[in-house]
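I opened this structure to look up a few things. My notes follow the order in which I looked.

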Amino acid sequence: MPEAAATPIPVRAAEDIIRAGRRMDERGWVPATAGNISVRFAPGRIAITRSGGHKGFLNAFSVIEVDLDGRAVTQGARPSAETLLHCQIYRAFPDAGAVLHGHSVANTVLSLDTPGPAIGFTGYEVQKIFAGQTTHTATLHLPLFDNDQDMTRLASAVAPHLPHVAMGYLIRGHGIYIWGPDMETALARLEGAEFLLACALERRKR
Ligand SMILES: [Zn+2]
């Protein structure tokens, strides 16, 4: 186990995570103990939700520190298995400052009902909230990966696609991963992605 950190998790980082949990809970994106939320508050230092626990009722104790390999820095803490996927994003994108993972109805249903490698979105104004998107006429792809309880294997399946990801990715029957340079941007992107998924689900009902 790595050495305990010399300085504690900043209050601001813990508060960002607690507030994001409340927001995701209000929208129905983290049922039961689903989801996890993290922030990179300094180079190589990640604050992330502890394994288990409802994300709508987080407090400072619910937030632990891990290193970039997903190992607990907080003494006696057990990180969630999915911590590895957060760390993979922080390693791949040096400008990523916050990562969100949620299990909404729309992302779960659509990921199970879409046989292809991605869900495409075209014609939606909200596409422009994603980095590099300037027009609704482009097609934005949300890649899909099969669920796997072995996180190392799942991370290996995601790895080759990660550099080309424009908005985040979906794990079938499981949930979404979205990130941004800070928590505010990550939350806006998650809200945009969930809006697009809710619209797509609505259109399939017709
Ligand atoms: Zn999950």
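**Entry 1: ground rules.** I am working with a predicted model, where local features need pLDDT of at least 70, side-chain atom pairs count only at pLDDT 80 or more, and totals for chains, interfaces and linings use all residues. Residues are numbered from 1 along each chain as its sequence is written, and side-chain values use heavy atoms, with hydrogens and water left out.

**Entry 2: the zinc ion.** I looked up which residues hold the zinc ion. Glu 82 (OE), His 101 (NE2), His 103 (NE2) and His 174 (NE2) coordinate the ion at 2.1 to 2.5 Å. Donors here are N, O and S atoms within 2.8 Å of the metal (3.2 Å for Na, K and Ca); water is not among the atoms, so sites may look incomplete. The angles among the four donor atoms run from 86 to 160 degrees, and the site is irregular.

**Entry 3: helix 3 and helix 5.** Helices are DSSP runs (H or I, at least four residues) and strands are too (E, at least two), numbered from the N terminus. Helix 3 (residues 105–113) packs on helix 5 (residues 183–204) at about 60 degrees, with the axes 9 Å apart. Axes are lines fitted to C-alpha atoms, for helices over the stretch in contact, and angles run from 0 to 180 degrees between N-to-C directions. Helix 3 is therefore oblique to helix 5. Angles under 35 degrees count as roughly parallel, over 145 as roughly antiparallel, 65 to 115 as roughly perpendicular and the rest as oblique. From helix 3, the contact (heavy atoms within 4.5 Å) takes in Ala 106, Asn 107, Val 109, Leu 110 and Asp 113. Helix 5 brings Glu 194, Leu 197, Ala 198, Ala 200, Leu 201 and Arg 204.

**Entry 4: helix 1 and helix 5.** Are these two oblique or roughly parallel? The axes of helix 1 (residues 11–26) and helix 5 come within 11 Å and cross at roughly 15 degrees. The two are therefore roughly parallel. Asp 16, Ile 17, Ala 20, Arg 23 and Met 24 of helix 1 meet Met 183, Leu 187, Leu 190 and Glu 191 of helix 5.

**Entry 5: helix 2 and helix 4.** Helix 2 (residues 83–92) and helix 4 (residues 151–158) have axes that come within 9 Å and cross at roughly 30 degrees. That makes helix 2 roughly parallel to helix 4. Leu 84, Leu 85 and Gln 88 of helix 2 meet Met 151, Thr 152, Leu 154, Ala 155 and Val 158 of helix 4.

**Entry 6: Arg 50.** I found Arg 50 in the loop between strand 2 (45–49) and strand 3 (63–66). Leaving aside neighbours within four places in sequence, Arg 50 is in contact with Phe 61, Ser 62, Ile 64, Ala 77 and Arg 78.

Definitions and conventions: Tetrahedral: all angles 85-135°; square planar, octahedral: opposite > 155°, others 65-115°.
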